[in-house]
Amino acid sequence: MALTGGEVLLERSQDGRVAYLTLSHGRYTVITWEMRQLVADRFAEIDRDGDVRVVVVRSDGEHFTSGGDIAGFMEVDPIDFTDLGHNVTAAARSPKPVIAAVDGYCFGVGCEMALSCDIRLATPRTQFALPEMNLGMIPGSGGTQRLARLIGLSRAKFHIMTATRIQAQQALDWGIVAELHDDREALDAAVEALASKMANFSPAAQRTAKEVLDKGVDGPLYTGIDLERKAYAMLRATDDFAEGVAAFTEKRKPKFTGR
C-alpha cells in the first residue's frame with residue numbers, strides 16, 4: 001500500500017536571500033510520489049523569486065532520507081515514470097546555488113536528490129547508497145550518471161552494482177561531500193554560515209559559474225574553456241562586476257544586486 005502524507009516545506013531567511021527546502025515525512029523521511037512533485041513545485045517557486053540567492057535542502061527527520069516509497073511506486077502507471085528523474089532533481093536545473101545538508105541515511109532517490117545539488121555537507125554518521133539492485137532495479141533519477149561523474153566509473157559500478165553503502169569519510173575523500181561536521185547541530189551551523197556567505201556574492205556570477213561548470217564538465221576541454229571565456233566577457237559588462245571592482249579599490253564590502 002502506498003504511503004500517504006509527507007511534505008516539502010519552504011521557508012525563507014529573514015532577509016529573504018536564503019530559501020530552506022525541508023523534506024518532512026517521519027523519522028526516516030520516506031519520499032512519496034507526491035513529495036517528488038512537491039520538490040519540483042517548490043523549486044519553481046524559488047526560481048521565480050528574485051530575492052532568493054541560495055537554496056538549502058535538508059530534512060527534519062532523524063535521517064536525510066531512507067529513500068522512496070517502494071510500494072507507492074508500484075501503484076504508479078509506467079508512463080508516468082517518464083518524468084521520474086526530472087521532478088526530484090530540480091536542484092540541478094535551478095539557476096541558484098543549492099546546498100544539501102545531509103545527516104544519517106541518504107539512500108535511493110534521496111541520494112539522487114543530494115547528488116543533484118551543487119554542494120553537499122554531511123556528518124560522520126552519514127551514509128550514501130543507491131541500493132536499487134536489491135529490488136532488481138537500477139537508480140532511475142540520475143544516480144548512475146551523477147555518481148559516475150563524481151567518483152569515477154569503476155567506483156560507481158562497484159557501489160551501484162553491489163548496492164554497497166558509501167561511508168561519510170569515503171564520501172569526503174571521493175568528493176561527494178565538501179565538508180564533514182561533527183553532528184547535526186554543527187552541520188546546521190556550517191550550512192547557515194555557508195549559505196550566508198554565498199548570498200553575499202553576485203547572483204549573476206553565481207548562476208554563471210554554476211552553468212559554466214555544469215555544461216563545461218561534460219564536453220571537451222576546449223569547449224568548456226570557450227564557454228568560460230564568453231561567460232567571463234558577459235559578466236565584465238554587469239553592474240555587479242563594476243561594483244565589485246569599486247568596492248575592492250575603496251576597501252569596502254560590495255553590495256551586489258544581480259544586475
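Ala204 touches Leu235, Asp240 and Gly258, leaving aside residues up to four places away in sequence; contact here means heavy atoms within 4.5 Å. The residue belongs to helix H10 (residues 203-216). Helices (H or I, at least four residues) and strands (E, at least two) are DSSP runs, numbered from the N terminus. Ala204 has a relative accessible area of 5% and is therefore buried; buried means under 20% relative accessible area, exposed over 50%, and partly exposed in between (1.4 Å probe, protein chains only). Ala204 and Asp240 are 36 residues apart along the chain, and their C-alpha atoms are separated by 7.6 Å.

## Basis of the model

The model is predicted: local features need pLDDT of at least 70 and side-chain atom pairs count only at pLDDT 80 or more, whereas totals for chains, interfaces and linings use all residues. Residues are numbered from 1 along each chain as its sequence is written, and side-chain values use heavy atoms, with hydrogens and water left out.

## Nonpolar cores

A nonpolar core is a set of buried Ala, Val, Leu, Ile, Met, Phe, Trp, Tyr and Cys residues joined through side-chain atoms within 4.5 Å. The largest such core has 40 residues, and Phe43, Phe128, Leu147 and Ile176 touch the most other members. Among the elements that give two or more residues to this core are strand E2 (18-24), helix H1 (33-48), strand E4 (54-59), helix H6 (143-151) and helix H7 (153-161). Apart from it lies another core, of 13 residues, which includes Ile99, Leu187, Ala190 and Met198.

Which residues does Phe128 touch, not counting residues up to four places away in sequence? They are Val102, Cys106, Phe107, Cys111, Arg165, Ile166, Ala171, Ile176 and Val177.

## A nonpolar surface patch

On the surface, Ile70, Met74, Met133, Leu135, Met137, Ile138 and Met161 form a nonpolar patch that has about 760 Å² of accessible area together. Patches are made of residues with over 30% relative accessible area and no salt bridge, with like charges joined within 9 Å and nonpolar side chains (Val, Leu, Ile, Met, Phe, Trp, Tyr) within 5 Å. Accessible areas come from the Shrake-Rupley method with a 1.4 Å probe; for residues, only the protein chains shown count as cover. Leu135 is situated in the loop between strand E9 (127-129) and H6, and its 54% relative accessibility places Leu135 in the exposed class.

## Salt bridges

Side chains of opposite charge can pair when their charged atoms come close. The structure holds 15 salt bridges, each defined as a side-chain nitrogen of Lys or Arg within 4 Å of a carboxyl oxygen of Asp or Glu. One of them joins Glu45 and Arg12, whose closest N and O atoms are 3.4 Å apart. Because Glu45 lies in helix H1 and Arg12 in strand E1 (residues 7-12), this pair ties together parts that are 33 residues apart in sequence. Glu45 is partly exposed at 33% relative accessible area, and Arg12 is partly exposed at 34%.

Other pairs lie within a helix. Glu211 and Lys215, both in helix H10, are 4 residues apart, about one turn of the helix, and their closest N and O atoms are 2.8 Å apart. Glu211 is partly exposed, at 41%, whereas Lys215 counts as exposed, at 53%. In helix H11 (residues 221-236), Arg229 and Asp226 are 3 residues apart and form a salt bridge of 3.3 Å, N to O.
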